[in-house]
Amino acid sequence: MSKTKVEVWDKPVRIMHWLLVLAVASAWFTRGRLDSWHEWLGYAALVIVALRIVWGFIGSRHARFAQFVRAPRASLRYLREIATGRAPRHLGHNPLGGWMILALLSCVSALGLTGWLATTDWLWGYAWLAELHAGLGWTFVTLVCLHLAGVLFSSWQHRENLVAAMLSGRKAAPLDGDVR
């Protein structure tokens, strides 16, 4: 791997990533205790997701969904490559990481929607909605754990610190045949 660093994740992607981490973690810890804070943190998370979706269409190369969301067949091939120890390094998100981003953004959106619906006159107080919201919360926690496991595995497999890359936006430049 090259010692030369290249910009991969732009500032808006990094800011939205870490603000979303802060918003959802804070919402998690305020649930059932500071309901007003929990609500506003949920709305903040929805705004961040909406901005990230827009940026996924108009942002820089590695921010765009078209760059990292692969067809299911390509994602399954990548999974087989991982199983055989031959998964290539990706400068941006790998195919499984792309699907994880979609899953995380979708789950936060569903959490925000069910949280908001629970405050409306129409659906306030319905147990099924509260249970759905709580279930989505635990689904999100599971997705975050899988995301972190993927980050740690990819960091180990390709000997690069992906957390540092998400902070700085920079990764080692690819060598010939080193990256897809």
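The chain holds seven helices and two strands; helices here are DSSP runs of H or I with at least four residues, strands are runs of E with at least two, and both are numbered from the N terminus.

A word on the model before going on. It is predicted, with local features needing pLDDT of at least 70 and side-chain atom pairs counting only at pLDDT 80 or more, while totals for chains, interfaces and linings use all residues. Residues are numbered from 1 along each chain as its sequence is written, and side-chain values use heavy atoms, leaving out hydrogens and water.

Now for the overall picture. Along the principal axes, the C-alpha atoms fill a box of roughly 60 × 30 × 25 Å. Of the 180 residues, 38% are buried, meaning under 20% relative accessible area, with exposed being over 50% and partly exposed in between (1.4 Å probe, protein chains only).

Let's finish on the surface, at a nonpolar patch formed by Trp18, Val21, Val163 and Leu167. Together the four residues have about 340 Å² of accessible area, computed by the Shrake-Rupley method with a 1.4 Å probe, and for residues only the protein chains shown count as cover. Helix 1 (11-30) and helix 7 (162-168) each supply at least two of the patch residues. Tryptophan 18 belongs to helix 1 and is partly exposed, at 33% relative accessible area.

Key. Patch = residues over 30% accessible without salt bridge, like charges linked within 9 Å, V, L, I, M, F, W, Y side chains within 5 Å. Salt bridge = Lys/Arg side-chain N within 4 Å of Asp/Glu carboxyl O.
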